[in-house]
Amino acid sequence: MTHSSTSKMFNSNLPWQLDHNRYVVLGVPRSGTQLTEAFIKYSLSKKYDDVVSLQEIFTMQACMVNTIKLEDGKLRIYNESNVKFPDVPNVARERLNIIADVSTEQSLTCRVFLDDRMASKSFVEGINYLQDLNFKFVYVERNFEHKIISAMFAKKSFIFSTYRNEMKLHIDIDELKSFIMARYMIEQQHKKIIDRLIEYDTINYDTLAKKADQLDEYERHLAFGIYRVKQLALDPYEQIVNAKEVKKVFAEFYPKLVELASQLL
């Protein structure tokens, strides 16, 4: 199946004039999926009431950080949870049953990562589940090197949103190579799956942060939510102690991995 090209509505200024009321954002951690979902929810909220963000819909974290309920025919989400770890599988399945019962008239957003962290369904099952619930798909693309570096900083600092990450980081080269291999192979395999199963629009990360430039301060806050601060400098190598070693990995090791993966995937 051939996916669709970048839609004109996602190239326009915010709020986007979206032609649908349910969207799922596809990507990997540190690719801009949070920001994209925030922009979509902001845009939908200009047209619809009771827009709910389901965030990482298929992960364990979804069950353990918030609770969803059907109230007066509407889905509500509460930022609290008393779920114990052994109960996560049952709660995850029940959450998806609740979401499936929501009227298709209610606007929903969520995120699905192209990695191995889906807990309640397999990747293919998850994609089919969302198609059945009338979601449209949006894929966020970002330079692979930038995604990996951003992920390494987030992993070591545990800063994922809201705050600027100003730490100086020495990156272990063996750890970096292992991380690159795991991330690239899993992402590319799942990318092949979505190319086969669905049509989707594509958004480029580098254009996202500019989307709120024309908004006043109040609207910017609504559009960006907690994701309004860019974590790293425009050149993240300024914060990497062993920058030359890391650059060499992406100049020499990474291209060889891409070549090998093309024979395997």
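Leaving out neighbours within four places in sequence, Asp50 is in contact with Lys74, Arg76, Gln106 and Ser107, where contact means heavy atoms within 4.5 Å. This picture comes from a predicted model, in which local features need pLDDT of at least 70, side-chain atom pairs count only at pLDDT 80 or more, and totals for chains, interfaces and linings use all residues. Residues are numbered from 1 along each chain as its sequence is written, and side-chain values use heavy atoms, with hydrogens and water left out.

Asp50 sits in the loop between α2 (33–45) and β2 (52–56); helices (H or I, at least four residues) and strands (E, at least two) are DSSP runs, numbered from the N terminus. Because its relative accessibility is 32%, Asp50 counts as partly exposed. On this scale, buried means under 20% relative accessible area, exposed over 50%, and partly exposed in between, using a 1.4 Å probe and protein chains only. Gln106 lies 56 residues from Asp50 along the chain, yet the C-alpha atoms of the two are separated by 7.0 Å.

In β2, four of the five residues are buried. β2 pairs with β5 (residues 108–113) in the parallel sense over three bridges, and two strands are said to pair if DSSP finds at least two bridges between them. Within this pairing, Ser53 stands opposite Thr109 in β5.

β5 is also joined to β1, by six bridges, and these two strands run parallel. Here Gly27 has Phe113 of β5 as its bridge partner. β1 pairs with β6 as well, again in the parallel sense, over four bridges, and the partner of Leu26 in β6 is Tyr139. In a regular strand the side chains alternate between the two faces of the sheet. Both faces of β1 are covered: Arg22, Val24 and Leu26 are buried on one side, and Tyr23, Val25 and Gly27 are buried on the other.

Ile194 touches Leu26, Leu114, Phe123, Ile127, Tyr139 and Tyr200, leaving aside its neighbours within four places in sequence. Lys191 is found in helix α7 (residues 173–197). With 18% relative accessibility, Lys191 therefore counts as buried. Beyond residues up to four places away in sequence, Lys191 touches Leu114, Tyr139 and Tyr200.

Finally, α5 and α7 can be viewed as a pair. Their axes come within 11 Å and cross at roughly 35 degrees; axes are lines fitted to C-alpha atoms, for helices over the stretch in contact, and angles run from 0 to 180 degrees between N-to-C directions. Phe123, Val124, Ile127 and Gln131 in α5 meet His190, Ile193, Ile194 and Leu197 in α7. The residues of this contact divide into six nonpolar, two polar and no charged, where Ala, Val, Leu, Ile, Met, Phe, Trp, Tyr, Cys and Pro count as nonpolar, Asp, Glu, Lys and Arg as charged, and the others, Gly among them, as polar.
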